[in-house]
Amino acid sequence: MNKVLPIGTEYFAKLRMNGYYFVDKTTFLSEFFRGHADVTLITRPRRFGKSLLLSMTQQFLEIEGADEHRKLFEGLKVMDDPVAMAEQGTRPVIFLTMKNMEWDTWEGMQKKVAMELSRLYGRFKYLLDDQMNPGDRTAFEGIYAGKSELETMSDAFRLLCRLLEMHYGKKAVLLIDEYDAPLQCAWAHGYYPEAIGFYRSLYSSALKSNEALDFAILTGVLRIAKESIFSGLNNLKVSSVISGGFADACGYTREEVAKLARDFGQEDKLGEIASWYDGYNFHGMDIYNPWSVNNYFSEGCKARKYWVRTSGNSILKAMLLQLDQRRARHLEKLMEGKTIRTRIEESFIYPDIEKHRANLYDVLLATGYLKCVGAIDDEDGEKYDLSIPNMEIRRVFRDEILKFRLNHKTCGINNSAT
């Protein structure tokens, strides 16, 4: 086996053109085009392949260079699906990652937003050769130059959708990666009220009553409450770690890991891989951590923790500082390999995170520190049984969560668990 596993490669075209090993996720396209909402939000832990999934979708749909892009999919499962292939190369696509818009001050974030939107518009500067009304041209040129006011920038996606539809006669597709990253950063650095107003306007303008938008797919780690950012958006479908479809779109299935092990001649390592990196349960489907599996093979099959310092740590640290004795005992139980039972509220309202201590479990589940092993209904409503997924996360849990907690406040947590 001569192919190299991609480590940190988020661009589908680069992966395919360079001959990297690719775990075929094109079945997502087949599932998606057999029924999708106007707006789809996919939330998964960091490093589970969300960015690559959107990059793949962009390359599949983009109308510019459609013939060349088609070659990238040769030999992949989607090529055998006439329903999905009828969609290939048929849309103008707007693709932007929001993780580059993080900054430690609101003023700095505004500059980052202006810079990223300028780069985005630069990819479509050929639209300036089209006939535009004076207002649209002024707005486009201002965003492209990076000199627009926030009010103009908040309409950037909507304007670009309209201009692309006029140019191609086709409604646009909007792909937004890590949609929640700027708001996590804003919350951590104390300027959330300023940021939420802008991003609510940016997303609402693009996603609500936008007649030039065909559909949108957003990815992120946390699901921000509709009341905070998607107020009035009634056409939103959410795929999370416990509900909503597209279960195997991010992460590796057991069958995919078995094939990977065969291809690299390491089938005898399957037991170790499962012990260390399996254990996630995305609404009923067994899922492995893809980042860790790739690193495991790339590092000569050395079992160690590769998945570290993921997103949500600032939120977790704030919540751990408010931890009560009951939840401290729950952390101890988890480290002992036991399960805890609790209600889960998947949507977050950032200003309320520290007020509701039970949100700790929501964050741990969404960010990949815990998995759902079952759900029950009782007189208090639906509850979920949660546990630590595997050996890797047990060690990450010990080193990143329990040690942080012990260093800041003694709550009787036993740090001897391994």
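Predicted model: local features only at pLDDT ≥ 70, side-chain atom pairs only at ≥ 80, totals over all residues.
Colleague: How many disulfides does a search of the whole structure find?

Modeller: In general, a disulfide is a covalent bond between the sulfur atoms of two cysteines. Here the test is a pair of cysteine sulfur atoms within 2.5 Å. Searching the whole structure with that test, the number of disulfides found is 0.

Colleague: Is cysteine 161 buried or exposed, and what about cysteine 185?

Modeller: Buried means under 20% relative accessible area, exposed means over 50%, and partly exposed is in between (1.4 Å probe, protein chains only). Cysteine 161 has a relative accessible area of 0%, so it's buried. Cysteine 185 has 9%, so that one is also buried.

Colleague: How are H6 and H11 oriented: roughly parallel or roughly antiparallel?

Modeller: Helices are DSSP runs of H or I with at least four residues, strands are runs of E with at least two, and both are numbered from the N terminus. Axes are lines fitted to C-alpha atoms, for helices over the stretch in contact, and angles run from 0 to 180 degrees between N-to-C directions. H6 (residues 106–122) and H11 (residues 192–207) pack at about 25° with axes 10 Å apart. Under 35 degrees counts as roughly parallel, over 145 as roughly antiparallel, 65 to 115 as roughly perpendicular and the rest as oblique, so H6 and H11 are roughly parallel.

Colleague: Which residues make the contact of H6 with H11, and how many of them are charged?

Modeller: With contact meaning heavy atoms within 4.5 Å, H6 brings Trp106, Met109 and Val113, and H11 brings Glu194, Ala195, Phe198 and Tyr199. For classes, Ala, Val, Leu, Ile, Met, Phe, Trp, Tyr, Cys and Pro count as nonpolar, Asp, Glu, Lys and Arg as charged, and the others, Gly among them, as polar.

Colleague: How do H6 and H9 run, roughly parallel or roughly antiparallel?

Modeller: The axes of H6 and H9 (residues 156–168) come within 12 Å and cross at roughly 5°. With that angle, H6 and H9 are roughly parallel.

Colleague: What classes of residue make up the contact of H6 with H9?

Modeller: From H6 you've got Leu117, Leu120 and Tyr121, and from H9 there are Ala156, Phe157, Leu159 and Leu160. Sorted by class, there are no polar and no charged residues, leaving 7 nonpolar.

Colleague: And H10 with H11: roughly parallel or roughly antiparallel?

Modeller: H10 (residues 181–188) and H11 have axes that come within 8 Å and cross at roughly 160°. That angle makes the pair roughly antiparallel.

Colleague: Which residues do H10 and H11 use for the contact, and what classes are they?

Modeller: H10 uses Pro182, Leu183, Ala186 and Trp187, while H11 uses Tyr192, Ala195, Ile196 and Tyr199. By class there are no polar and no charged residues, and the count of nonpolar is 8.

Colleague: Where is phenylalanine 246, and what's its phi?

Modeller: Phenylalanine 246 sits in the loop between strand S6 (236–239) and strand S7 (252–253). At 2% relative accessibility, phenylalanine 246 is buried. Its phi is a positive value in a residue other than glycine, near 55°.

Colleague: What's the phi of cysteine 301?

Modeller: Cysteine 301 is in the loop between H15 and H16 (313–320), and at 11% relative accessibility it counts as buried. Its phi is positive in a residue other than glycine, near 60°.

Colleague: How far apart in space are tyrosine 252 and tyrosine 288?

Modeller: Tyrosine 252 lies in strand S7 and is buried at 9% relative accessible area. Its contacts include Val23, Lys25, Tyr288 and Asn294. Tyrosine 288 is 36 residues away in sequence, yet C-alpha to C-alpha the separation is 5.0 Å.

Colleague: Which residues does asparagine 294 touch?

Modeller: Asparagine 294 is in helix H15 (residues 290–298) and is buried, with 7% relative accessible area. Leaving out residues up to four places away in sequence, it touches Leu5, Pro6, Ile7, Tyr252 and Leu260.

Note on methods: Residues numbered from 1 in each chain as written. Heavy atoms only, no water.
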